[in-house]
Amino acid sequence: MENNRYVIIFVFILTATVAVLLTFLREATKDQAALNEEIFNKRAILSAIEDKTGKDSGEFTDEEVVQLFEAKFTQKVVNVEGETLEGVSADDIDMAKEKKKPESERRLPVYIYEDGGDKVYVLSVRGNGLWDEIWGNIALAEDLNTVVGAAFDHKGETPGLGAEIKDNPTFANNFKGKQIMDNDGDFVSILVRKGGAEPGNPHQVDGISGATVTANGVTKMLESGLENYMPYLNDLRGEGQQGMLQEQ
Amino acid sequence: MSTTTQEVKQAEKEPLFGKKERRLITDPLNDNNPITVQVLGICSALAVTSLVYPSVVMAVAVVFVTAFSSLATSLLRNYIPKSVRMIVQLVIIATLVTVVELTLKYLNYPVYKQLSVYIGLIITNCIVMGRLEAFSMANKPWRSFLDGIGNGLGYGLILIAVGVVREVFGKGSLFAGSPLEMKIIGNTEAYWINTETSTMFGWYANNNLMVLPAAAMFVIGIIIWIQRSRNTKLVDVS
Amino acid sequence: MEALNIFLKAAFIENMVLAYFLGMCSYLAVSKSVKTAFGLGLAVIFVLGITMPINWLINEYLLSENGLFGTDLTFLRFILFIAVIASMVQLVEMVIEKASPSLYASLGIFLPLITVNCAILGGSLFMVSREYTFGNSVAFGLGGGFGWFLAIIAIAAIREKIRYSNIPPALRGLGMAFILTGLMGIAFMSLMGIDPAALASGAN
């Protein structure tokens with residue numbers, strides 16, 4: 001019969017060959033994979049501003065995505081006090097890691113899209129659905145209040161139920177035109193309401209039947225996520241108003 | 001389990017070429033289908049089949065893994081120490097699956113994201129290991145390679161069939177997420193049949209049940225039913 | 001307390017078989033009688049309970065960026081995880097062969113196939129993506145195993161009963177088992193979203 005030495009040598013050679021082979025393959029594909037991931041994330045941001053670019057995020061080629069971000073986007077990172085952080089760009093922020101930090105230490109990415117004097121602010125939020133994490137990008141118009149678009153994604157919500165936040169375009173479309181602040185400029189967020197939004201209420205959207213937990217997750221995510229951005233948005237609005245006063 | 005008897009049958013045919021080789025590929029498509037007859041590799045069949053496109057990608061990945069792991073195991077079959085043969089087989093499979101994962105990340109990141117944990121689960125797709133144990137350890141490389149392709153295809157066939165049923169009835173589309181996307185029936189103008197305006201199909205609504213993973217169980221159950229009524233020798237007598 | 005919640009969640013709410021449909025192959029093939037199902041179920045609990053913490057240690061101390069080698073080796077995760085699982089299964093196989101030859105014979109090819117029971121590798125991969133602590137990974141392993149055990153006992157009992165039912169011949173056995181599992185899965189969906197932590201604290 002085979003002796004132990006043969007077994008050990010066989011396993012050792014096999015493992016070594018396999019490890020070398022895979023390391024080589026990984027090194028060869030690493031850069032392109034990282035680029036793919038970046039483009040994937042950028043497309044998620046583009047899908048929140050489809051109304052502004054006039055195109056479905058899937059219609060851009062990879063090169064166009066990269067070019068568009070270089071030409072028309074400004075990236076910023078802010079903290080929960082609203083201060084802009086220097087030396088980092090929004091691309092460097094991994095929302096999954098930020099979510100694990102205490103709220104006061106989180107860094108928040110802001111993508112500002114500018115096209116012909118039209119400015120859109122894309123904010124990122126992340127929270128928990130039923131099974132696992134959910135996340136989304138919310139695009140605000142220049143008044144920093146009106147939503148011009150939203151896009152959501154999830155890790156493992158139930159297909160046909162919770163997963164509809166991503167799969168059913170109507171859900172994200174319902175956010176368009178909603179407002180995150182009331183007339184006094186106080187933060188109210190947007191509620192995903194079970195049984196349908198009250199007609200005319202700018203702070204509510206329709207829920208998804210059979211996916212109450214995921215819908216509540218979206219509500220909570222928007223509430224805490226957007227609230228973190230409020231100091232920054234308030235500062236920005238303050239500046240805007242000052243600018244207007246000076247012009248007058 | 002019919003795998004052991006089949007192995008004996010095929011061992012007798014070993015020197016032949018041509019027609020018998022073709023049977024290695026065609027048998028698993030129907031009479032000896034890995035999912036509906038051998039009951040192997042069901043987990044991933046359920047999770048990824050809510051849309052056709054990921055099912056196709058999954059099917060291609062599985063054909064690749066079964067084919068090349070069969071080939072590699074068969075080449076090494078005389079050198080693999082018996083006491084650790086399972087670990088060796090699994091290392092071969094896991095390597096190929098990692099290759100698939102890296103390749104997919106390189107070529108098509110969105111699909112990689114969509115299949116996520118289920119790529120890893122190809123390793124534990126029992127078809128792969130089941131065929132290595134039952135066939136490749138006892139057969140020559142070329143035949144093992146064909147057997148791997150055949151079983152991978154048999155698996156993929158069911159996967160895609162289930163995917164088509166679930167996507168058409170659950171979402172009213174086909175190949176969503178790929179360049180070939182077809183929108184068949186739904187409540188907006190983008191679909192071929194618009195249930196809002198059509199007089200014939202005004203009653204129709206997509207069936208949400210089909211999108212749930214449990215629906216895959218029903219669809220496979222019905223596929224087995226159809227297959228066994230046509231092919232009565234497969235009927236379970238017990 | 002958190003560990004208990006994870007155990008309950010893994011066993012009932014996020015049942016490997018009925019919510020995620022993992023580990024189906026042996027589940028469908030060995031569920032013809034309650035007796036063999038019982039043996040396989042126990043083996044699965046044992047293998048899940050033991051591989052989960054081992055894989056946790058491997059992931060934390062060998063593969064992660066702050067591990068022994070100092071670089072990100074997570075692309076080798078599949079290979080190491082499955083190697084651990086395969087060794088453990090071989091161990092269980094030897095123990096069962098010694099302790100109960102009759103069970104060993106009736107489990108047949110499905111004993112080595114525990115290795116390729118998706119629930120086991122799936123469990124380890126879930127554990128990584130959910131970032132459990134060591135203690136929680138043990139609870140998750142045992143809970144997941146227990147849930148699998150319950151599911152296979154349940155379907156085996158149903159299958160023993162419906163043997164006397166009048167089912168179209170072509171649907172008998174396997175076809176019916178698939179449909180039954182689908183129905184059980186839909187029944188288990190009603191547990192979805194229950195949070196044991198919230199129940200325990202009396203909230204809601």
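Author: What follows goes from one interface to the chains.

This is a predicted model, so local features need pLDDT of at least 70, side-chain atom pairs count only at pLDDT 80 or more, and totals for chains, interfaces and linings use all residues. Residues are numbered from 1 along each chain as its sequence is written, chains are lettered from A and ligands numbered from 1 in the order in which they are written, and side-chain values use heavy atoms, with hydrogens and water left out.

Start with chain A and chain C. On the chain A side, 11 residues are in contact with 13 residues of chain C. Contact means heavy atoms within 4.5 Å. The size of an interface is often given as the accessible area lost when the parts come together. Here the two chains bury about 1,000 Å² between them. Of that area, 70% lies on carbon and sulfur atoms. Buried area is the accessible area (1.4 Å probe) that two parts lose on being put together, summed over both.

Now the charges. The rule finds 1 salt bridge across the interface of chain A and chain C. A salt bridge is a side-chain nitrogen of Lys or Arg within 4 Å of a carboxyl oxygen of Asp or Glu. Lys100(A) and Glu131(C) are joined this way by their side chains, at 3.3 Å from N to O.

Which part of chain A gives the most to this side? Helix H1 (residues 4-48) does, with 4 residues. Helices (H or I, at least four residues) and strands (E, at least two) are DSSP runs, numbered from the N terminus. The chain A side holds 6 nonpolar, 2 polar and 3 charged residues. Ala, Val, Leu, Ile, Met, Phe, Trp, Tyr, Cys and Pro count as nonpolar; Asp, Glu, Lys and Arg are charged; the others, Gly among them, are polar.

Next, the partner. Chain C has 9 helices and 0 strands. Its C-alpha trace spans about 60 × 50 × 30 Å along the principal axes. Of its 204 residues, 56% are buried, meaning under 20% relative accessible area (1.4 Å probe, protein chains only). Take the contacts in chain C with a separation of 6 or more: residues 24 or more positions apart account for 76% of them.

Last, chain B. It has 10 helices and 4 strands. Along the sequence the pattern is α-α-α-α-α-α-α-α-α-β-β-β-β-α. Buried residues make up 58% of its 238 residues.

Notes. Buried < 20%, exposed > 50% of the residue type's maximum accessible area, 1.4 Å probe, protein only.
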